[in-house]
Amino acid sequence: MPPEPPEILQPGRNVWRRARAGRLAWLIDAAPYARAFLEAAEQAHEALYIVGWDLESRLALVRDDDDPRAGLTLRDLLEDLVRRKPRLHVHLLVWDYAAVYAPDREVLQRLRLDWSTHARIHYHLDDHHPTGASHHQKVVVFDDALAFAGGIDLSKERWDTPAHEPDDPRRRDLDGQPYPPFHDVSVAVDGAAARALGALARERWRLATGQVVSPPTARAHDLWPDSVRPDLTDVEVGVARTLPACGEQEAVAEIEQLHLDAIAAARHAIYLENQFLSSERIAEALVRRLEEPDGPQVLVVTARDLEGWLEQLTERVARHRVTSRLREAAAEGRLRIVTPVRRLSDGLPVKIHSKVSVIDDQLAQVGSANLTNRSLGLDTECDLVIEARGDPRVARAVRGLRDRLVAEHLGVAPDDVAQAIDAEGALLGGVARCEQRPEARPFAPLADEVSPWLDALLPGTELIDPGAPLTPRRIVQQVAPPMTGQEPSRMSRKAIWWTLGVAAFLALAAAWRLTPLAEWLEPTRLAAQIDALDASAWAPLVVLGAYVVSGLLFIPLTLLIVATAIAFDLLPSVALAMAGSLLSGLASYAVGRGVGAEAVARVTHPRVREVARWVGARGTLAVALVRVLPIAPFAVVNLVAGATRVRVLPFVVGSFIGLVPGILAVNVFEASLEAIVADPNPLAVAVAVLVVVLVLLGLRALRRALSAHGPGREGLGDHG
C-alpha cells in the first residue's frame, strides 16, 4: 500500500485554528443557504453575527409561493427576531466599499439597517483595511453554536437553486428583472468550529468599531437547521485567513500557504472551482506540478463572464496571463479550464462565484478567497478546510463534494460521476466520460483570449491585481522602474530632472503618511479653506492654481473636485473643477514635453509608453477613453503624452470629454445631498436619486460609446 500523504494542516503556518465540529455540511447554492439561515436565525437566542462583503436588507429569503413566509426580507426577519427575543443582539458588519461599487450597492443602507431599526440591531461599515483592500469574509454565526462560512453573501442577485434552471421565475433581482444562473458554496459547522468563527467575527467587529463584544453566555444548544443533512460528523475543521497588515493587525497569508501546500501534496487530481484565477504564486505552483511527468491532473471550473467594466479590463487580462502559462506547461490530457453552461442551444453560462479546492480525496477547502493576488494577500478572507489523514469517512466526504459539484455542473447524478472517474482511473477521463451521457451538458472550454494591444496596454499584474497595499513607492516601482546600466555622470540633464521628480513624489508620499498633510487635504477641510476665499475676487485663480500644483505633485485631483463641490454652488463648481483639471493635465503634459521622450523612455514602464502611443495614433476618443477608464495613472499618462508629442488639441478635447461625467457626478451628488439636508421631503429625495441615476447612466453610455472605438473589432466593452 502506498504511504499515507503527509499532514497538511498546520496551525501557525496554513491555518489559524483546528477545531472539531459535531456536524459539517456543504451548503451548495444560495437557495438552500437562505433556507438554512432562516431556520437557524429563528432558533438563535442571544447573538447573531453577519460579517460580509455585501448585504442587502431587501433580500427575499424565501421564494416559493406555497410557503407562508414567501417574500420575507432580511430586514423584516431581523426586526421580528429582536422584537420577539429580548436577549438577542444582531451585529451586521459590511465592507465600507469603494466608490466604484456604489451603483451596485443598496442606497441608504445605513438608514434601513441602523437609524430606523431596533436598538439591538447594530450596523457598521468595516473600513479597517489598507488603501485598495476590501473586507471580503462571508461569515454568519448563531449563538456561537452554529456558523456558516464560504462564498455566499446575503446580497442581491445571488439566490439560485442547484438546478440553475435557465428560466426560473424566482431568480429575479429587486426590480423584478431576471438574472443568469448563479452558483456558490458555503459550509455549515457546529461545536468548537462554530465557536472559533464566533471569536473571529467578534475580533473583526472590534477592529472595525473599537467595541468589544462579549461571547454569548447562554448554554450551548442545538441550532442545526432541519433542512440540512450533515455530510460529516465529529470532524476536525481548519480555519484559514487572509489579513492585510493594518494598524495593530499583522499580515496573515494562511489561505495562500494552504493552497500552495495542498497543491504540492496532490498525487492524482486537483479540482479548483473559483470565480477568478490570477494569483501568480498559485500559477507558479500549478505550473510546477503540470511540468512533472507523472504529476496530478488539474480541472479548473471558473466564470466565463466577469462583472463590470473594471473586471473586464483588469481581472480578465490577469486571468489570461495565468491560463496561458498553465496551458503552455501542461502536457496533453493533464489540464482543463472550463465553465459550466445551462442551455446547450445558446451556451447560457452559470455564474461561478464559489471558492472551492479539492485535492485527491484528502482535502476539501471552501471559503471566501478567490485565487487572486488580492484575496491571498490584501483582502480579509476566511476559508474552512477538512483533511482526511487516513480517515475513510472524511475521504468519502471530500470526494463526495467534488463529485457533487461536477454532477451539478454537468446535469448528471453524483454516483454517475464517481463511477465514471473510477472506471477511467482519472479525474479528467471520468469527466469526459460523463459529458458523453445523453442527458449531460458538457463543460465549455474557457475562451479567455484578450487583444494583444490590451494586454500590452495594462500594467503588470502587481498593479491590476495587487497582493499588498499599493503604496506610492510600489506604484512608482511598477510604472517607472529604476534605471540600470548608466553612470550618473552620463545621464542626460532631462533624465536627472525626471529622477528628481520621482524623488519628490516619494517624498510627498512619505509626508502623506508621516505628517498632517493627509489631514490638511481632507475634502471638508479643503472646502473650508476654499470657502474662506469665496468673498475674494482672487478665489477662482487660487483654486485653479491649486489644481495645477496638485497635479504636478501627484496629489489626487478627486480631493480638490470634492472640496470644490462643497465650497461652491453647482455651476461655478463644475466650471472650476473642469478648468482646473484641464489646466492640471496641460501642466503635466508640458513638463513631459520639456523633459523629452528620451528620458521618459528610460524611466517609464513600457506599458505606460504603449498607452501614449495608442493615444497618439487614435486621437481625441482615445484620450477620452483613458480618462474614463483607469488604464494607467492619469498624471503619468499626461507626462508621457507630452513627451511623446501627442497633439495638444486631441489631448485637450479628449480630456474634456472624459472628465465631464466624473465631475458632474461628484457635483450633482453633493448638490443633491445639500438639497435633502435643507428640506428633507420625499420630492427632494426622489429628485436627487433621479439626477444621480441619470448621471450614472450617462457615464455608462459614454463608456460603451468610447469602448466601441477601441482598437480591434471587439472594442473594450466586449470581453465575454
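1. Let's start with a helix pair in this predicted model. Helix α9 (residues 392–410) and helix α11 (residues 427–435) have axes that come within 11 Å and cross at roughly 30°. The crossing of α9 and α11 is right-handed.

2. Which residues make that contact? From α9 you have Arg402, Val406 and Leu410, and they meet Leu427, Val431, Cys434 and Glu435 in α11. Sorted by class, the contact of α9 with α11 holds five nonpolar and two charged residues, with no polar ones.

3. While you're looking at α9, find histidine 409, which sits in that helix. Is histidine 409 buried or exposed? Its relative accessible area is 1%, so histidine 409 counts as buried, the cut-off being under 20%.

4. Histidine 409 has quite a list of partners, even leaving aside its neighbours within four places in sequence. The contacts include His183, Tyr271 and Glu273. Val301, Pro340, Val341, Arg342 and Ile352 also touch histidine 409, as do Arg441 and Phe443.

5. The axes of α1 (residues 30–43) and α2 (residues 74–84) come within 10 Å, crossing at roughly 15°. Angles under 35 degrees count as roughly parallel, so α1 is roughly parallel to α2. This crossing of α1 and α2 is right-handed.

6. What meets what between α1 and α2? On the α1 side are Phe37, Leu38, Ala41 and Glu42, and on the α2 side are Leu74, Leu77, Leu81 and Arg84. By class, the contact of α1 with α2 comes to six nonpolar and two charged residues, and no polar ones.

7. Stepping back to the whole chain: there are 26 helices and 20 strands in the protein. Of the 720 residues, 54% are buried. Among contacts with a separation of 6 or more, 79% are between residues 24 or more positions apart.

8. A word on confidence before you read too much into any one region. The protein's mean pLDDT is 80, and 70% of its residues reach 70 or more. Over residues 479–523, though, the pLDDT is below 50; the model still gives this stretch 64 contacts beyond near neighbours in sequence.

9. Where else does the pLDDT stay under 50? Look at residues 706–720, for which the model has 28 contacts beyond four places in sequence.

How values were computed. Residues numbered from 1 in each chain as written. Predicted model: local features only at pLDDT ≥ 70, side-chain atom pairs only at ≥ 80, totals over all residues. Heavy atoms only, no water. Axes fitted to C-alpha atoms, helices over the stretch in contact; angles between N-to-C directions. Helix = DSSP H or I, 4+ residues; strand = E, 2+ residues; numbered from the N terminus. Parallel < 35°, antiparallel > 145°, perpendicular 65-115°, else oblique. Left-handed = near helix turned anticlockwise from the far one by under 90°. Contact = heavy atoms within 4.5 Å. Nonpolar A, V, L, I, M, F, W, Y, C, P; charged D, E, K, R; others polar. pLDDT = per-residue confidence, 0-100. Buried < 20%, exposed > 50% of the residue type's maximum accessible area, 1.4 Å probe, protein only.
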